[in-house]
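This report goes through one chain, from its surface and overall dimensions to its local elements. The sequence and coordinates come next.

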Amino acid sequence: MSEATLDDRGRMTLPKELRERYGDRYRIVEVHDGIKLIPVAEDPLDALRDEFAGVEKTADELREEAREAAFNEAGR
């Protein structure tokens, strides 16, 4: 685990090994107990294509499965 501190202008520098692994752009997401940095790909569309390259279901099928899973988790 690494640590980073903010400077007097609110800037944070990530360790070199993290920047080399994840890149230079991040989304900041507030979660219930802190914040999370989500790396943003240089070309988000290419990243999505890579992520779903092996998926054989349609977007509608995936959406329906996600909806059913959400209903089941909510105790439908």
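What does the accessible surface of the chain come to, and what percentage of that surface belongs to carbon and sulfur atoms?

## Surface and burial

The model is predicted. The accessible surface of the chain is about 7,400 Å², and carbon and sulfur atoms hold 50% of that area. Of the 76 residues, 4% count as buried.

## Overall dimensions

The chain has a radius of gyration of 18 Å, whereas a compact globule of 76 residues would have one near 11 Å. Along the principal axes, the C-alpha atoms fill a box of roughly 50 × 30 × 20 Å.

Contacts were also sorted by sequence separation. Among those with a separation of 6 or more, 3% are between residues 24 or more positions apart.

## Secondary structure

Three helices and two strands make up the secondary structure of the chain. Their order along the sequence is α-β-β-α-α.

Helix α3 covers residues 59-73, which is 15 residues. From first C-alpha to last, helix α3 reaches 21 Å, close to the 21 Å expected at 1.5 Å a residue. Gly75 follows α3 and has a positive phi, near 85°.

## Nonpolar patch

Leu6, Met12, Ile28, Ile35 and Leu37 make a nonpolar surface patch of about 510 Å². One of these residues, Ile28, is found in strand β1, residues 26-31.

Is Ile28 buried or exposed? Ile28 counts as exposed because its relative accessible area is 63%, and the cut-off for exposed is over 50%.

Technical notes
Residues numbered from 1 in each chain as written. Predicted model: local features only at pLDDT ≥ 70, side-chain atom pairs only at ≥ 80, totals over all residues. Heavy atoms only, no water. Patch = residues over 30% accessible without salt bridge, like charges linked within 9 Å, V, L, I, M, F, W, Y side chains within 5 Å. Areas by Shrake-Rupley, 256 points an atom, 1.4 Å probe, with all protein chains shown as cover. Salt bridge = Lys/Arg side-chain N within 4 Å of Asp/Glu carboxyl O. Helix = DSSP H or I, 4+ residues; strand = E, 2+ residues; numbered from the N terminus. Buried < 20%, exposed > 50% of the residue type's maximum accessible area, 1.4 Å probe, protein only. Expected span 1.5 Å × (residues − 1). Rg over C-alpha atoms; globule rule 2.2 N^0.38 Å. Contact = heavy atoms within 4.5 Å.
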